[in-house]
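The following exercises are to be worked through with the sequence and the model in view. Each task is followed by a solution in steps.

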Amino acid sequence: MKQLDERLRSHYPQLSPQEQRVADFAFDHFDDLIGYNSAELARLSGVSKATVSRLFKRLGYEKYKDMRDELRTLRQSGMPLTDNRDAVQGNTLLARHYKQEMANLTQWVNGLDSAQFAEVVQALADSKRIFIIGMRNAYPVALHLRQQLLQARQQVQVLPQPGQTLSEELVDLTPEDMVVVMAFRRRPRIIRPLLQQLQQQGIPTLALCEPQARAVIALARWQLCAPLDSVSAFDSYAAANSLTNLLANALLHHLLSDGRQRIHRIADLYGQLDELEQR
């Protein structure tokens with residue numbers, strides 16, 4: 001049986017504009033849907049309660065409550081894999097966590113568009129400067145991606161700097177630059193207008209987000225999606241970090257000769273400054 005996000009994606013092109021508004025809100029607030037009744041979802045989406053009811057019946061739910069019950073069950077139990085030979089067995093928290101993490105990794109790997117990924121790696125190599133924007137829970141992912149990309153190339157920055165705003169940093173952007181926007185839920189309100197502005201300026205932009213973020217995906221030239229699903233209330237960023245690791249390694253392989261020389265120069269500086277412990 002298809003889950004809610006799969007049903008929304010498959011039905012989305014056939015939905016009415018009002019129903020698409022509800023679907024867009026659901027994609028952007030997927031982790032919060034359990035907490036909304038149909039009247040609240042209608043109000044937050046800016047549609048009538050009847051529109052919400054029609055949408056979920058179209059998706060195959062007899063009642064709106066059936067959808068909430070399904071999400072509640074998934075939240076409690078995780079998404080089990082079909083292979084019963086998992087290294088962690090049973091229905092413990094550890095077992096459910098392991099299965100969900102593996103499901104997340106499997107989902108993003110299977111959904112990766114190899115042609116688009118190659119374009120992203122080429123852009124990471126060719127861009128004059130790379131700006132990585134990450135806020136809230138995405139900030140650590142942004143910092144890690146910058147640290148990894150800096151091993152292979154120069155001119156990689158994370159924005160915004162602590163206590164600063166974005167406008168001063170972005171005013172000098174040109175199409176020779178590239179922006180990576182970490183747009184994972186729950187996104188600050190600035191993310192959408194930021195992506196719209198970058199699109200209007202013709203700035204090559206990569207969005208890293210969860211698969212349900214349809215409105216975000218439409219605003220970026222490239223999109224790489226990593227699920228954040230978890231068996232608890234807290235999102236998991238394991239798949240997101242795995243994806244950024246692949247990006248950094250792919251860039252290093254693309255710039256293998258220059259990248260290796262840069263890594264050797266960095267290692268020499270480590271020694272001269274005595275920054276790291278020697279193994």
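**Exercise 1.** How much area do domain 1 and domain 2 bury between them, and what percentage of it is on carbon and sulfur atoms?

*Solution.* The model is predicted, so local features need pLDDT of at least 70 and side-chain atom pairs count only at pLDDT 80 or more, while totals for chains, interfaces and linings use all residues. Residues are numbered from 1 along each chain as its sequence is written, and side-chain values use heavy atoms, with hydrogens and water left out.

Step 1. The domain assignment, which is automatic or taken from a database, gives domain 1 (4-77) and domain 2 (112-273). Their centres, taken over C-alpha atoms, are separated by 30 Å.

Step 2. Between them, domain 1 and domain 2 bury about 1100 Å², with 42% of this area on carbon and sulfur atoms. Buried area is the accessible area (1.4 Å probe) that two parts lose on being put together, summed over both.

**Exercise 2.** Determine which elements and residue classes make up the side of domain 1 that touches domain 2.

*Solution.* Step 1. Contact (heavy atoms within 4.5 Å) involves 8 residues of domain 1 and 15 residues of domain 2.

Step 2. The count of salt bridges between the two domains is 0; such a bridge requires a side-chain nitrogen of Lys or Arg within 4 Å of a carboxyl oxygen of Asp or Glu.

Step 3. On the side of domain 1 that touches domain 2, the elements giving two or more residues are α1 (4-11) and α2 (17-28). Helices (H or I, at least four residues) and strands (E, at least two) are DSSP runs, numbered from the N terminus.

Step 4. By class, this side of domain 1 has 2 nonpolar, no polar and 6 charged residues. Ala, Val, Leu, Ile, Met, Phe, Trp, Tyr, Cys and Pro count as nonpolar, Asp, Glu, Lys and Arg as charged, and the others, Gly among them, as polar.

**Exercise 3.** Locate the cis peptide bonds from Leu 159 to Pro 160 and from Arg 185 to Arg 186, and the positive phi of Arg 136.

*Solution.* Step 1. As background, most residues other than glycine have a negative phi, and most peptide bonds are trans.

Step 2. The bond from Leu 159 to Pro 160 has omega near -10°, and Pro 160 is placed in the loop between β2 (156-159) and α9 (167-170).

Step 3. For the bond from Arg 185 to Arg 186, omega is likewise near -10°. Arg 186 belongs to the loop between β3 (178-182) and α10 (191-201).

Step 4. Arg 136, although not a glycine, has a phi of about 55°; its place is in the loop between β1 and α8 (139-149).
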